[in-house]
Amino acid sequence: MNNSKHFFYGRISSSSQSKARQLNCISENNLNIDERDIFFDVKSGKNFNREQYLLLKHVIRAGDVIFVKSLDRFGRNYQEILEEWRDITSKGVDIVVLDMPLLDTRQNKDLLGNFISNLILEILSYVSEQERIFIKERQRSGIIAAKQRNVKFGAPKIEIDFNSHEFQNLYHSWKNKQIKTKYFMNTLGLKPNSFYRRIHEYESK
């Protein structure tokens with residue numbers, strides 16, 4: 001009896017990105033994959049320390065097949081892609097990259113087929129990592145350029161009138177331990193790090 005299962009692995013780098021494009025390829029390719037066998041991470045592809053990916057590796061067994069839409073959804077670190085790919089396939093589990101038919105370990109299991117697949121894998125893994133490096137460099141350059149234009153990053157600083165009666169009353173009550181720090185912070189609308197920076201700013205005046 002064949003108990004092998006089909007799994008799908010997907011990944012997006014941030015919650016602002018959509019999973020739909022990757023998930024749609026399941027129906028587009030007529031893959032018979034149960035919803036429970038879909039594993040999806042919201043995390044950078046710089047390494048494989050991802051909760052859903054590690055869970056997937058834990059449940060796969062010899063004879064199973066893992067489908068991914070494209071190699072960069074699998075990972076973006078050249079060396080780690082190769083290591084993870086070989087670790088999975090060494091367990092008798094096949095990997096299918098839907099956007100690259102040549103990367104289908106179910107096919108061409110002869111020596112020449114393996115050689116071609118491994119060569120393509122190495123090339124695409126290298127390209128994927130270079131793209132990740134390029135994106136990071138482009139982001140860094142953009143941040144530097146924005147700072148040169150005096151663009152401010154992060155949430156705007158909450159203005160506090162240190163001379164107001166409200167602040168003075170809160171501050172003295174807090175100093176005299178008549179109110180809790182949490183109450184003081186919430187009244188000012190500040191988080192802990194910002195709160196203590198502003199108190200230091202006030203006391204240094």
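This is a predicted model: local features need pLDDT of at least 70, side-chain atom pairs count only at pLDDT 80 or more; totals for chains, interfaces and linings use all residues.

Reader: Nice. Switching to ring pairs: how many aromatic pairs does a search of the whole structure find?

Author: The search turns up 17 aromatic pairs. One of them joins Phe 7 and Phe 39, with ring centres 6.0 Å apart; their planes meet at 55 degrees, so this pair counts as tilted.

Reader: And where in the chain are Phe 7 and Phe 39?

Author: Phe 7 is in strand S1 (residues 6-12) and Phe 39 is in strand S2 (residues 38-42), so the pair links distant parts of the chain, 32 residues apart. Both Phe 7 and Phe 39 are buried.

Reader: What about Phe 74 and Trp 85, how are their planes set?

Author: That pair is edge-to-face, with 90 degrees between the planes and 6.2 Å from centre to centre. Phe 74 belongs to helix H3 (residues 71-74) and Trp 85 to helix H4 (residues 78-90), so the pair ties together parts 11 residues apart in sequence.

Reader: Is Phe 74 buried or exposed?

Author: Phe 74 is buried, because its relative accessibility is 2%. Trp 85 counts as buried too, at 5%.

Reader: Last one: which residues do ring pairs link into a cluster?

Author: The cluster is made up of Phe 162, Phe 167, Tyr 171, Trp 174, Phe 184, Phe 195, Tyr 196 and Tyr 202.

Methods
Residues are numbered from 1 along each chain as its sequence is written. Side-chain values use heavy atoms; hydrogens and water are left out. Rings of Phe, Tyr and Trp (its six-membered ring) pair if their centres lie within 6.5 Å; planes under 30 degrees apart count as stacked, over 60 as edge-to-face and the rest as tilted. Helices (H or I, at least four residues) and strands (E, at least two) are DSSP runs, numbered from the N terminus. Buried means under 20% relative accessible area, exposed over 50%, partly exposed in between (1.4 Å probe, protein chains only).
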